[in-house]
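Hello,

Here is the structure I promised to pass on to you. Have a look through it first, and then read my notes below.

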Amino acid sequence: MLKKLRSPLYLALLLPALLTLTDVLSPIDHVYKNSRAKIGVHPASPSTIVLSFDSGVQASGKSIISTRRLARVLENLSAQMPHRVFVDTPVKFGEDIEGDAALVRAIHKLNPDVSFVVRSRKLGVPDYKFSAQDFDIPDNEKIGGAPVVLSAWNTNFIDYGIFSPFSIKISGKQYSTLSPALSGVNQIWQPSFVPDYLFDIKTVPHLKAEKFEGGDFTLGQLTGRTVIVNSAGVTAPIGFFGQRRVHPLALDLAGADALDKPFAVALGSFPILILAWLFIRAGSKSTRKRNKLILHGLALVTILVVPAALQVLGITLDNAAGIVCAALYGGIRLWQLRMRRVQHTSASGLPNLLALSAQPLDVGRDVVVAVIARYEEILATLPKDLHGECARQIARRLSVGSGTETIFNGEGGHFAWTEEARPLEMQLNHLEGMRALFAAPLEIGQFTFDTNIHFGLDRNEGLDALTRVNSALASANDALASGRAVELFEAERLEEASWELSLHASIDEGLRNGEIWLAFQSQWDIKTGLLCGAEALIRWNHPTRGPIAPDAFILQAERAGRIDALTYWVMEEAITAALALNAIGRHIQMSINLSAQMVDKAGLVPSLMEIIRRRQINPTQLTIEVTETSSVRNRPAAVQNLSQLRTIGFRLSIDDFGTGEASLAYLADLPSDELKLDRRFVSRILTHERERHIVRSTIDLAHALGQTVVAEGIEDEATYRMLGRLGCDVGQGYHLGRPQPIAELRKNLLKREQMPKRVV
Ligand code: C2E
Ligand code: CA
Ligand code: CA
C-alpha cells in the first residue's frame, strides 16, 4: 500500500490534493485566471448603465457628491422611468439642509426602486468575515428609507478580488451584496460567489451624470434599464484579473454577470484534479503509444481548456491542482525514464552495472562479475540488431546457473549479479560449475559461437556497492587476461593497489638502473646436441621486494599499461645479445615472448619493423613466442598481425602448447613455424603413458604441418632422452641450462660446450 502511494501516479494525486486543502496553490490559480481573462472576454449587457460623476468604473479620483446635486440627478431620472436605481456614491449629508430635504423628496419620487450602495471601508483577505465596523451605513431618514445593499470583496494576497459573500449580517439585519441585488439571484447553496473575469468592463454602458444634473438628456434613454449613479468617492481600487486595478463596481458587475449564468457555481480544485488524474492514470496504464498520447492530451485539455469552457456556463473551476498534478507526474516520469536510460544497457535493455552499484547490496551476498571471452569478436560478427539478443541469451544462461532473477549487463561482455556468500571452496566450485553452461555454443539467429566465461568474485562485505562491483569487475578482467576461471578480489589487494599504481614509474626506474634485466635460457638441438637458440626471459630484482617473478609483474605491467614499453625493451636487449653472438660467429635463434595483450594492437607490426630495420638484424633469426590465449580481445586482428610478422620473416612459435583450451583451433588459424610443448606435459612423459601418447602424436602432427617442436621444462636426462625418441627437435630446461645472464651464455658458447650427448 505504502509503495503504491509512493508511485508517481499516486503522488501526483495526493500532493496537489493536500496542497489544495492548505490553499498554497491559489497563486497559480490566480496567474491562470489573470492570463486567461485577457483572452475571450465578453461584453457587458446593455441593460445596466452607469451614470458617473467622473470616469466610471475605471476612475480613481475623489469625489463626494453633495445632496443637492444628487437630488437633481434623481429628480431628472424619475422622468426616464428606469427599472431600478442604485446610488453608489458617498454623499455629504448635513451640510445643506435644503439639499438634504430635496434628496429625500427625489428618493420618494423614485420609490420603491432606489437603493443605496455602501462599500466596505477595507478589502478582505480570503477568509475575512465582514462586519458592522467595515461599513458606514447612513441613517434611514437621511436616505428617505431607501434600502441599502453592500459591496464587500475578499481578495488574494495582492488585493485582487476573488469572491464576495451573498449577504452580510449587521446588527441582526441581513444586507444583500450588490451583485446578487443586480442579478436578482439569491444565495443558492454556497455562501459566496466568484465574479466572471471574462466580463469586459470597458463595455459597460456609461453616461456623464452631469447631463442629468442639467436636464440635458434624451427622454426614454434610460427607460426600463438599471441605472447605477456612481462616483469614485473614497473607495480604494481593487485588482481585477486581466485588468489590473479598478473601481470595485467592476467586480460587482462581473459578479452579477456570473450570477446571471445558468449555473453560477464555483466548484474549486477537485473536479479538474480528479478528472485530469483519471486521464493520466488511464494513459499510464495504456500499452499502446497512440492511446497513451491521446489520454495524456485529454488530461491537458481538461486542465487548461475545460475551466475556460465551463466558465461560459457560470461554472468556475480552479485548475492549479490539476497543473501541479500533471507537472508532478510528467516530471517524475521524465526523471525515471532518464534514470532508466542511464541504468540500462541500450542494446539488451538489461539493467547495467551502474544500476547494481546504485542499490544497497543485501547482507550475506558475494558480488560476481562474469566476462565473456571474445565478446567483441562475437559482436563484430553479428548484425547489430542481434547484439541485444546475444546479451539476453547469455543473461538467461547465467540466470539459470545462478538462480538469480536479475542479471546486470555492462558494456563489453560483462554480466553481474549477487550470489549467496557460500564458503569459498563451495563458491568457487559453484562458479566452476557454471562454466559448463557455456560448453554448449551460443546460437543467435543463424550464427553459432563457441565461447568461454571467466568470473571475478568480490567477498568484501561491508564495502560499498560501487567499490565491490568495480573490484569484481577488475577481477573478472584479470581472470580473462590470465585465462583463469575465477579471480578472487581480496581486501589485501586494495593495499597492493598503491604498489600497482606506482608500478608505472617503478618499471621505468627499474629499466634505467638495471634492476630489470634479461636472462637467456639455452635451447639445444636434440639430434646434434648443439646449442641452437635461447629464450629471453625477463627478470626484476626489486630493491625492497626482492626478485619478482615475471608471471606476476608482467600481469601488473599489462594492467599498468607498461607492457608495450617493456616488450620493446626486451626486443632491443635480445637483439643486442643476438648481434653480439653473431659478432663472435655464433648465429643462434633468439626467442622473445609476446604478451597476449599486445598481439592485436595496431602499432605492433610497424614498431617491430622499425626495430629490425634500425638494428640491421635479419628477422628470421628472431622467434616470436605467443601463447594460445582466450584473453586476446580482437582475435582477427591478432591473427592478421602475426601472419604479417611471419611474412616479414619473423619465426612464429606457439608457446605452452597443450594447456590452452583452443590450441588446435589456434594451430589451424595461425600459420606457425614452431610449437613449444608445455612443461606440465613434458614433466609427465616418463610416468604417464597417456601424456607420452599425447606428446608423440602432437610431435607427429606438428611435423606434418612442417613445424619444429621444442620441449620446455626438461629437468632430467631420462626425459631428455625420451623426447629424443619421440622425435622432438629442440630441448630447453633446467637440466640443459638455467636462465642466465648473457655473459654466461656467451662463455658457454665459446667453450663450445656440448652439454647433452647426441641421442641415437
Ligand atoms: P614461458 O614463456 O613458458 O617461459 C618459460 C618458463 O619456464 C620460464 O619461467 C623459465 O625460467 C621456466 N623454466 C625453464 N626451464 C625450466 C625447467 O626445467 N623447469 C621448470 N620448472 N621451469 C623451467 P620464468 O622466467 O619465470 O617466466 C615465466 C613466464 O613469464 C614465461 O613463461 C613467460 O610467459 C613470461 N615472460 C618471461 N619473460 C617475458 C617477457 O620478456 N615478455 C613477456 N611478455 N613475457 C615474459
Ligand atoms: Ca616462452
Ligand atoms: Ca612456455
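Let me start with a question: is Ser171 buried or exposed? Ser171 is exposed, with a relative accessible area of 70%; exposed means over 50%, buried means under 20%, and partly exposed is in between, using a 1.4 Å probe and protein chains only.

Before going further, please note that this is a predicted model, in which local features need pLDDT of at least 70, side-chain atom pairs count only at pLDDT 80 or more, and totals for chains, interfaces and linings use all residues. Residues are numbered from 1 along each chain as its sequence is written, chains are lettered from A and ligands numbered from 1 in the order in which they are written, and side-chain values use heavy atoms, with hydrogens and water left out.

**Two positive phi values**

Ser171 sits in the loop between strand S10 (167-170) and strand S11 (173-176). Helices (H or I, at least four residues) and strands (E, at least two) are DSSP runs, numbered from the N terminus. The phi of Ser171 is near 40°, which is positive although the residue is not glycine. Most residues other than glycine have a negative phi. Asp656 also has a positive phi, near 50°. This residue belongs to strand S32 and is partly exposed, at a relative accessible area of 21%.

**Around ligand 1**

Asp656 also takes us to the ligand: one of its polar side-chain atoms lies 3.4 Å from an oxygen atom of ligand 1. For Asn593, a polar side-chain atom is 3.1 Å from a ligand oxygen, and an N or O atom in the side chain of Gln521 is 2.8 Å from a nitrogen atom of ligand 1. On its own, ligand 1 has 800 Å² of accessible area, and the protein covers 86% of that; such areas come from the Shrake-Rupley method with a 1.4 Å probe, and for residues only the protein chains shown count as cover.

Which elements each supply at least two residues of the shell around ligand 1? They are strand S28 (531-542), helix H19 (550-560) and strand S32 (651-657). S28 gives the most, with four residues.

**Two buried side chains**

Thr226 lies in strand S15 (residues 226-230) and is buried, with a relative accessible area of 5%. Its side chain makes a polar contact of 3.5 Å with the side chain of Arg84. A polar contact is a pair of N or O atoms within 3.5 Å; within protein, one must be able to donate a hydrogen and the other to accept it, and residues adjacent in sequence count only if both atoms are side-chain atoms. Beyond its neighbours within four places in sequence, Thr226 is in contact (heavy atoms within 4.5 Å) with residues including Ser47, His83 and Leu182.

Ser357, in helix H13 (residues 353-358), is buried too, at 14%. The side chain of Ser357 reaches the backbone oxygen of Leu353 at 2.7 Å. Not counting residues up to four places away in sequence, Ser357 touches Ala465, Leu466 and Val469.

**Helix H12**

Finally, look at helix H12 (residues 320-342), which has 23 residues. From first C-alpha to last, H12 reaches 32 Å, close to the 33 Å expected at 1.5 Å a residue; the expected span is 1.5 Å times one less than the number of residues. Its buried residues include Val324, Cys325 and Tyr329. Among the elements covering the buried residues of H12 are helix H2 (8-21) and helix H9 (270-285).

Happy exploring!
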